[in-house]
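Please look over the structure below before reading on. The report then takes up its parts in turn.

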Amino acid sequence: GDEYKLLDDLDSSNLVKNIKYLQIQFHDDMDKDGKKREKALKIISKTHKIDNMYKYIWAFFSLR
């Protein structure tokens, strides 16, 4: 469940733009209503494109 906090930190420090590839497993047990995942995807979409995503299994992103 730390993926949500980590992405918030990467966004606020503006370091997410320095990461070429992201591979994330979003955990639904830490996000019952889906709002944390939605917020995380908004953060990622500022700098990365979705290469592949299986909801709550694996998601792959690459820098735009």
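Is Leu22 buried or exposed? Leu22 is buried, because its relative accessible area is 11%. Here buried means under 20% relative accessible area, exposed means over 50%, and partly exposed lies in between (1.4 Å probe, protein chains only).

This is a predicted model, in which local features need pLDDT of at least 70, side-chain atom pairs count only at pLDDT 80 or more, and totals for chains, interfaces and linings use all residues. Residues are numbered from 1 along each chain as its sequence is written, and side-chain values use heavy atoms, with hydrogens and water left out.

**Overall layout**

The protein chain holds 2 helices and 3 strands. From the N terminus, their order is α-β-α-β-β. Helices (H or I, at least four residues) and strands (E, at least two) are DSSP runs, numbered from the N terminus. A box of roughly 30 × 25 × 15 Å, taken along the principal axes, is filled by the C-alpha atoms of the protein chain. The radius of gyration is 11 Å, which agrees with the value near 11 Å for a compact globule of 64 residues. That radius is taken over C-alpha atoms, and the globule rule is 2.2 Å times the number of residues to the power 0.38. Of the 64 residues, 31% count as buried. Among contacts between residues at least 6 apart in sequence, 51% join residues at least 24 apart. Contact means heavy atoms within 4.5 Å.

Leu22 is found in strand E1. Beyond its neighbours within four places in sequence, Leu22 is in contact with Val16, Ile44, His48, Ala59, Phe60 and Phe61.

Which residues make up the largest nonpolar core? The 12 residues are Tyr4, Leu7, Leu10, Val16, Leu22, Ile24, Phe26, Ala40, Ile44, Tyr56, Ala59 and Phe61. H1, E1, helix H2 (35–45) and E3 each give two or more residues to this core. The largest share, 3 residues, comes from H1. A nonpolar core is a set of buried Ala, Val, Leu, Ile, Met, Phe, Trp, Tyr and Cys residues joined through side-chain atoms within 4.5 Å. In soluble globular proteins, nonpolar side chains tend to be buried together.

Leu10 is another core member. Leaving aside neighbours within four places in sequence, Leu10 is in contact with Leu15, Val16 and Ile19.

E2 and E3 pair in the antiparallel sense over 6 bridges. Strands pair if DSSP finds at least two bridges between them. Lys49 stands opposite Ser62 in E3. The hairpin has 3 residues between the strands.

| Residue | Phi | Loop |
|---|---|---|
| Tyr56 | about 60 degrees | between strand E2 (48–54) and strand E3 (58–63) |

Asn14 is partly exposed, with a relative accessible area of 44%. Tyr56, by contrast, belongs to the core. Arg37 lies over the face of Tyr56, at 5.3 Å from the ring centre. A charge sits over a ring if NZ of Lys or CZ of Arg is within 6 Å of the ring centre and within 35 degrees of the ring normal.
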